[in-house]
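Please read them with the structure open.

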Amino acid sequence: MEIIIQILFLVLGFVMLIKGADWFVDGAAGIAKKFGIPSLVVGLTIVAMGTSAPEAAISVSAAFKGSADIAVGNVIGSNIMNVLIILGLTAIITPIAVQKSTIKYEIPFMILITVVFGILGLFDNVINIFNGIILWVLFIMYLTYLFYMAKKGMANQDSETESSSESMLNLIIFGLIGVALVIFGSNITVDAATNIARTFGMSERFIGLTIVALGTSLPELVTSVTAGLKKKADIAIGNIVGSNIFNILFVIGTSSLITPVVYQPQFLIDTIICVATAVLLLLCLLSKGHKLKRWAGVLMLLCYAGYFTYIIMN
């Protein structure tokens with residue numbers, strides 16, 4: 001009976017995520033048009049941080065409870081899923097055009113901070129308050145770059161220059177309701193999935209890298225696929241890249257400022273794979289047209305299948 005209840009909660013969570021993401025994308029894109037802000041900037045900031053809220057809440061909570069395997073595994077697992085599964089599925093549904101600034105600056109920065117995260121974790125196998133300060137300094141640098149990009153217009157404006165027909169108040173309300181549904185839906189989904197997983201005796205590391213990571217990545221998944229279907233590719237790609245950067249710099253950075261976060265040696269392989277997925281994304285975008293095409297999406301899903309097999313076997 002308990003399993004049936006958890007499955008029902010799982011379904012409820014999915015429904016909230018799907019509807020919430022739909023309203024969130026529409027609201028964010030509409031507000032961007034009202035202010036003349038490039039969709040890429042909105043994707044890299046508002047949408048990325050909004051959809052990363054579940055990772056932040058769960059990792060900080062796990063840090064307080066001393067469940068480091070879930071805290072670190074959640075972030076690493078989410079970042080791997082974000083690229084391989086979410087962008088993979090989105091690319092299969094519709095090829096994603098990516099701006100030069102993303103290829104030249106944001107993705108390389110995502111690779112850099114993932115390497116930094118792994119190096120910091122290797123020292124004493126813990127992310128301490130000093131490491132947290134380093135991550136937060138990098139996070140402030142990233143926000144400064146985004147502000148500069150928006151101000152100087154480094155990101156190309158949408159070809160559509162007309163303003164959204166919805167009023168600003170409606171757009172804000174839709175956006176807030178959307179992000180609330182996304183966050184609450186994700187929490188319900190994660191709790192239900194974790195309870196089901198623990199019923200079958202799965203380890204914390206496995207739960208963190210897969211079940212919890214998938215649950216907290218659901219907002220990115222639904223938001224990116226929705227954005228792709230609505231032909232708002234800048235929000236789709238910006239959402240993922242921004243979320244991955246936010247996950248490491250803000251989520252882990254903040255968690256380590258609260259309490260030292262243990263970095264288990266076995267997470268080194270997962271971190272290396274996380275770096276490899278980001279490099280794979282960059283390589284797939286270096287082809288003519290700078291588009292994430294369907295073949296790349298298929299390759300990414302196959303890569304995740306291989307990674308999932310590795311997790312099960314270890």
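1. A term first. A cavity here is a set of grid points where a 1.4 Å probe fits but cannot get out, and its lining residues have an atom within 4 Å of a point. Rolling a probe the size of a water molecule over the atoms shows where empty space is left. Note also that the model is predicted.

2. The cavity. Counting those of 30 Å³ or more gives one cavity. The volume of the largest cavity is about 30 Å³. Which residues line the largest cavity? They are Asn79, Met110, Thr114, Asn244, Cys274, Thr277 and Ala278.

3. Where the lining comes from. Two helices, α5 (100-122) and α10 (267-284), each give at least two residues to the lining of the largest cavity. The largest share belongs to α10, with three residues. How many residues of the lining are nonpolar, polar and charged? Three are nonpolar, four are polar and none is charged.

4. The chain overall. The protein chain has 11 helices and four strands. Of its 314 residues, 54% are buried. Take the contacts between residues at least 6 apart in sequence: 86% of them join residues at least 24 apart. The accessible surface of the chain is about 13400 Å². Carbon and sulfur atoms account for 72% of that surface.

5. Aromatic pairs. The structure has 13 aromatic pairs. One of them is Phe139 with Phe250: the ring centres are 5.8 Å apart and the planes meet at 50°, so this pair is tilted. The angle decides the class, because planes under 30 degrees apart count as stacked and over 60 as edge-to-face. Phe139 sits in helix α6 (residues 129-152) and Phe250 in helix α9 (residues 233-258), so the pair ties together parts 111 residues apart in sequence.

6. Burial of that pair. Is Phe139 buried or exposed? Phe139 counts as buried, because its relative accessibility is 3%. Phe250 counts as partly exposed, at 22% relative accessibility.

7. Positive phi in a loop. Two residues deserve a look in the viewer. Asp124 is not a glycine, yet has a positive phi of about 60°. Asp124 lies in the loop between α5 and β2 (126-127). With a relative accessible area of 70%, Asp124 is exposed. Asn125 is found in the loop between α5 and β2 as well. Its phi is positive too, near 55°, and Asn125 is a residue other than glycine. Asn125 counts as partly exposed, at 31% relative accessibility.

8. A link across the sequence. Asn195 belongs to helix α7 (residues 168-199). How far apart are Asn195 and Ile7 in sequence and in space? They are 188 residues apart in sequence and 9.9 Å apart in space, C-alpha to C-alpha.

Key. Residues are numbered from 1 along each chain as its sequence is written. This is a predicted model: local features need pLDDT of at least 70, side-chain atom pairs count only at pLDDT 80 or more; totals for chains, interfaces and linings use all residues. Side-chain values use heavy atoms; hydrogens and water are left out. On a 1 Å grid over the protein atoms alone, a cavity is a set of points where a 1.4 Å probe fits but cannot get out, and a pocket is an open set with protein on both sides within 12 Å along at least five of seven lines; lining residues have an atom within 4 Å of a point. Grid points are joined across faces, edges and corners, and a volume is the space filled by probe spheres set on the points. Ala, Val, Leu, Ile, Met, Phe, Trp, Tyr, Cys and Pro count as nonpolar, Asp, Glu, Lys and Arg as charged, and the others, Gly among them, as polar. Rings of Phe, Tyr and Trp (its six-membered ring) pair if their centres lie within 6.5 Å; planes under 30 degrees apart count as stacked, over 60 as edge-to-face and the rest as tilted. Buried means under 20% relative accessible area, exposed over 50%, partly exposed in between (1.4 Å probe, protein chains only). Contact means heavy atoms within 4.5 Å. Accessible areas come from the Shrake-Rupley method with a 1.4 Å probe; for residues, only the protein chains shown count as cover.
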